[in-house]
Amino acid sequence: MRVKIRFKYLFLIVAFFLMLATSFTRNSLYAVVAFSILAYVIVPFQLYWDKDVVLLLLFSIFYSLIKILNNDVGSLFNLIAYIISPVIFFRLGYVFMNLFWTDKSRELFFLFIIVFFLSPIIYQTIEDIRIVGVVNPTRHLLNEIADSGMMSATIYGLMASVGIGGISALFVKCSKITIKLSYIIVSLLSVLIVVHLVNRSGLVILLVCMIVAFMLSVNRRNLPRIPIALTAILLIIIVTLNSGLISDDIVSAYQYRAVNSADSQSAGGRTELWYYSLSHLLTSPFGWKSGFYSHNMLLDIARVSGLFAFIPFLILTILYINRMIRLIKRKHRSAYTIIFVTMNLSMFLATMVEPVIDASILFFSLLMMIWGCAFKLSNEI
């Protein structure tokens with residue numbers, strides 16, 4: 001069912017992008033709540049309810065209730081966001097894919113998501129580079145230190161993942177060259193964010209997205225050329241690393257982290273956190289107290305709310321992965337499909353190694369909207 005673009009939907013779209021632009025501010029929580037209420041008012045309540053949305057609703061209810069029982073609610077606005085935002089953002093995925101139904105409009109829609117969400121962070125990163133150089137050894141932006149509202153460099157890596165997946169524009173033919181170049185530019189700027197703060201997972205995600213995008217963009221007739229092309233990409237990476245094109249400061253910073261991190265062989269210490277969380281999964285059905293994050297979206301949900309919220313969200317995650325596989329198997333892939341797949345891949349991989357809901361309710365809400373888009377697009381096959 002396609003929704004006609006009436007004034008109220010234009011207003012909703014503008015409000016959506018303005019909300020994304022609060023990603024770097026402390027007011028993003030309030031923006032998410034205000035926008036969620038607006039969306040509930042504008043989108044007809046009876047639209048886009050199915051078993052998938054019900055699973056997300058169960059997650060929201062249990063997640064919120066158990067946080068209340070555990071006296072773990074940060075604020076009233078946090079609680080409201082947990083209850084209402086995931087469901088409406090997921091449903092908005094269906095709404096937006098009905099509003100933007102042409103290839104070009106979808107290319108632009110996903111591009112605008114990246115631009116509006118990351119522009120504040122990109123701006124602050126460039127300003128920080130002007131002050132301290134390409135690499136920031138403190139792994140915190142200086143303006144944050146002045147405000148005493150510092151976020152971990154891993155959180156910036158999580159947020160930058162929204163744009164990293166756009167690197168797939170290198171391998172596809174967009175409807176306009178300006179759209180293609182815009183994707184590539186914002187993707188490279190996203191990489192600049194993670195490099196500036198010496199974030200390693202972001203570079204791994206970039207490499208995975210490039211390989212997947214290349215694999216999806218080749219025609220069956222060109223399948224025999226894939227090993228040759230992948231070898232060429234590997235050689236280019238090796239030559240680039242050894243040619244001096246990359247600043248010595250960047251190389252030294254990553255080498256320093258590798259040498260001086262005792263946990264560098266265990267995904268930054270995450271494997272121990274995952275093992276600890278898994279060991280509590282069945283023994284603590286209402287969640288458990290911990291002085292640290294699990295650095296995995298699913299395990300952090302279990303840590304906060306136990307099995308009750310974890311199980312419906314796990315089922316939804318499995319269904320989501322199945323929908324993404326259906327999109328990947330599509331015989332005729334348009335440019336926006338490949339970009340959307342790598343955008344999803346980038347964000348999903350980031351959620352597997354970082355805290356998500358605890359880090360940014362805006363990122364989590366946006367993720368649910370993207371999942372809603374994936375369910376809608378998979379239904380179009």
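Which residues does F116 touch, not counting residues up to four places away in sequence?

1. F116 touches F17, L20 and A21. Contact here means heavy atoms within 4.5 Å. F116 sits in helix α5 (residues 103–132). Helices are DSSP runs of H or I with at least four residues, numbered from the N terminus.

2. This is a predicted model: local features need pLDDT of at least 70, side-chain atom pairs count only at pLDDT 80 or more, and totals for chains, interfaces and linings use all residues. Residues are numbered from 1 along each chain as its sequence is written, and side-chain values use heavy atoms, with hydrogens and water left out.

3. F116 is partly exposed, at a relative accessible area of 30%. The cut-offs are under 20% for buried, over 50% for exposed, and partly exposed in between (1.4 Å probe, protein chains only). The C-alpha atoms of F116 and S23 are separated by 8.6 Å. Along the chain the two are 93 residues apart.

4. Helix α2 covers residues 28–42, which is 15 residues. From first C-alpha to last it reaches 21 Å, close to the 21 Å expected at 1.5 Å a residue. That expected span is 1.5 Å times one less than the number of residues. Buried residues in α2 include L29, V33, F35 and I42. Their cover includes α1 (7–20), α4 (76–99) and α15 (361–379).

5. Helices α8 (residues 177–196) and α9 (residues 200–217) cross at roughly 150 degrees, and their axes come within 8 Å. Axes are lines fitted to C-alpha atoms over the stretch in contact; angles run from 0 to 180 degrees between N-to-C directions. V191, V194 and V195 of α8 meet G202, L203 and L206 of α9.

Key: Helix = DSSP H or I, 4+ residues; strand = E, 2+ residues; numbered from the N terminus.
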